[in-house]
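Visitor: I'm new to this one. Can you walk me through it?
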Amino acid sequence: MIDSIRGENLLSLDELSREAIVEVLDTAEAFVEVNQRAIKKVPALKGRVVASLFFEESTRTRLSFETAAKRLSADVLSLAVASSSMKKGESLRDTIATVDALGIDAVVMRHQSSGAALQVSRYVPHVRVINGGDGLHQHPTQGLLDAFTIRQVLAERRGTTGVESGSELFEGLHVLIVGDVRHSRVARSDIAAYVALGAEVRIAAPGTLLPECVAQWPVGVARDFDEAIEWADVLGLLRLQRERGSGSFVPTLGEFTATHGLTVERARRIKSDALIMHPGPMNRGIEIDSLVADSSAAVIERQVHNGVPIRMAVLYLSVAGSTEGQGS
Amino acid sequence: MEERSLRDAIARDPTFVPRSQLLSADDVSRAVRRMAHEVVEHSKDIDQVVIIGLQIGGVAFAQRLASVLAEITGHQIRCGQLDVAFYRDDLARNPAPRPAATLIDCDLTDQTVVLVDDVLFTGRTVRAALNALTDWGRPRAVQLAVMVDRGHRELPIRPDFVGKNLPTSRGEAIVATLDGVWIGTKVAP
């Protein structure tokens, strides 16, 4: 267990203690304030170089990581994999070695293979590695920003602040994660964060989209979505990942929507103060009805909004506190 | 009460071992009042003055200074707080400090900013604060008020208003709160 990510890699939320997660959330509060200033830039990572290596396509994660690094005054090296030598067959190891040779302090990476970030952290032990999503394994900053969003909304409702409440607001909170859990690294990171913070987590998915080793997960499995929907304080929806073949795990998309989509009818039955979350990009009309996605219970836009402060906090803690990457 | 604020200070910095109390709460209160009068003397227009406390120790002093100023002048005094964690020059040498809240809700252009801190030591925190302030505009002047000046400056920075000058050795440590000032030593954790 890691009790603080200061000077450490961020590869998975499974290895973070409650203290480490709360530290990131509290640090992110300070960056929310920075992002409200007229000049949204602080010199914390001045002179540091952050490489952004996305071997898999991404809009919000990549943009918000790069924005975060720039607002910390770091220099950003961005590798467009589609037009890089990876296309000529260069291996991951050689690509990392090449980027490292330019002198970098941190790598933010996304890769289609689970464990790729861990592998890279072994290739370049002197560089901090931040996992921006690896295969079906983890997407730690998404888990952190989802926890941050929940804490922010609940703290506002109780008239307190996130920093003051620590992890208190998660105590006994009912979180229901619905949909394609099998192919979702977001679900794995969300669950790790929520459970570490003290929430009670259940998952609901068609049998074929449940992970194989679900019995070992620290979560309950709801018999069906409709039964659990009234229990939930937070509904975490997941994207049906058709590019990972999840289309073939359900008979038809229509059937998935009928059993596990958050339709208008189902949305009427959720608790009046329940939150609806989705990591994006949404398949409107499949896992979530368009009207529900745009309703007041949905905090989806806020999740996107919180991406920058959370990633600033992660980069700040992980990179500013480390001296190894400095050439001196 | 004095015991409690000392305990809070030790909770923030567990390496501090107090030796003796140098100023009482009354002494501190009188010093802040005197500094408030000096601030009034030095400012042409009190409505242009913004008091900014440096996190964490300076915030309570800034709030007290602002309320005494309001009492003396009968004017509403603007008061904010600033955390300089992201502007420090020792970020690469120490673990990243955990930031505290920054709250400055006005443009500082053409204002007179009075930075307030509890203890002035090397001057590096003030250097970081001067850097940070430029992100809120271009103040007409920046002044510095500290409860305790303990010497050992590493930068060309001097305070405009001082509660108490306390010559110390480098190995010593000072805790200054509204409830009193203590001297002691730092022990390795």
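What follows is a short chat about the two chains, their contact and some single residues.

Guide: Before we start, keep in mind that this is a predicted model.

Visitor: Okay. How many helices and strands are there in chain A?
Guide: Chain A has 12 helices and 9 strands. Its radius of gyration is 19 Å, close to the 20 Å that the globule rule gives for 328 residues, so chain A is as compact as a globular protein of that length.

Visitor: And what box do its C-alpha atoms fill?
Guide: Along the principal axes, the C-alpha atoms of chain A fill roughly 60 × 50 × 35 Å.

Visitor: How much of chain A is buried?
Guide: Of its 328 residues, 60% count as buried. The accessible surface of chain A is about 13000 Å². Carbon and sulfur atoms hold 50% of that surface.

Visitor: What about contacts along chain A?
Guide: Take the contacts with a separation of 6 or more. In chain A, 74% of them are between residues 24 or more positions apart.

Visitor: Switching over. What pattern does chain B follow?
Guide: Chain B has 4 helices and 8 strands. Along the sequence the order is α-β-α-β-α-β-β-α-β-β-β-β.

Visitor: What's its radius of gyration?
Guide: Chain B has 16 Å. A compact globule with 189 residues would have a value near 16 Å, so the two agree. The C-alpha atoms of chain B fill a box of roughly 45 × 40 × 25 Å.

Visitor: Give me burial and surface for chain B too. What are the figures?
Guide: Buried residues make up 51% of the 189 residues in chain B. Chain B exposes about 9100 Å², and carbon and sulfur atoms supply 50% of that.

Visitor: Contacts and charges there?
Guide: Among contacts in chain B between residues at least 6 apart in sequence, 71% join residues at least 24 apart. As for charges, chain B has 23 positive and 25 negative ones. Their mean positions are 4 Å apart.

Visitor: Now the place where the chains meet. How many residues does each one bring?
Guide: Chain B brings 17 residues to the contact and chain A brings 23. The area buried between them is about 1600 Å². Carbon and sulfur atoms give 58% of that area.

Visitor: New topic. Where are the cis peptide bonds you wanted to show me?
Guide: One joins A:Gly280 and A:Pro281, with omega about -10 degrees. A:Pro281 is in the loop between strand 9 and helix 11 of chain A. Another joins B:Gln55 and B:Ile56, with omega about 0 degrees. B:Ile56 sits in the loop between strand 2 and helix 3 of chain B.

Visitor: Why point those out?
Guide: Because most peptide bonds are trans.

Visitor: Is A:Ser73 buried or exposed?
Guide: Buried, because its relative accessibility is 18%, and the cut-off for buried is under 20%. B:Asp110 has 43%, so it counts as partly exposed.

Visitor: Last stop, glycines. Where does A:Gly133 lie?
Guide: A:Gly133 lies in strand 4 of chain A. A:Gly133 is buried, with a relative accessible area of 1%.

Visitor: What does A:Gly133 touch?
Guide: Leaving out residues up to four places away in sequence, A:Gly133 touches A:Met109, A:Arg110, A:His111, A:Gln138, A:His139 and A:Arg185.

Visitor: And A:Gly159, buried or exposed?
Guide: A:Gly159 is exposed, with a relative accessible area of 67%. A:Gly159 is in the loop between helix 5 and helix 6 of chain A. Its C-alpha atom and that of A:Val319 are separated by 33 Å. Along the chain, those residues are 160 apart.

Definitions and conventions. Residues are numbered from 1 along each chain as its sequence is written. Chains are lettered from A and ligands numbered from 1 in the order in which they are written. This is a predicted model: local features need pLDDT of at least 70, side-chain atom pairs count only at pLDDT 80 or more; totals for chains, interfaces and linings use all residues. Side-chain values use heavy atoms; hydrogens and water are left out. Helices (H or I, at least four residues) and strands (E, at least two) are DSSP runs, numbered from the N terminus. The radius of gyration is taken over C-alpha atoms; the globule rule is 2.2 Å times the number of residues to the power 0.38. Buried means under 20% relative accessible area, exposed over 50%, partly exposed in between (1.4 Å probe, protein chains only). Contact means heavy atoms within 4.5 Å. Accessible areas come from the Shrake-Rupley method with a 1.4 Å probe; for residues, only the protein chains shown count as cover. Lys and Arg count as positive and Asp and Glu as negative; His and the chain ends are not counted. The place of a charge is taken as NZ of Lys, CZ of Arg, CG of Asp or CD of Glu. Buried area is the accessible area (1.4 Å probe) that two parts lose on being put together, summed over both.
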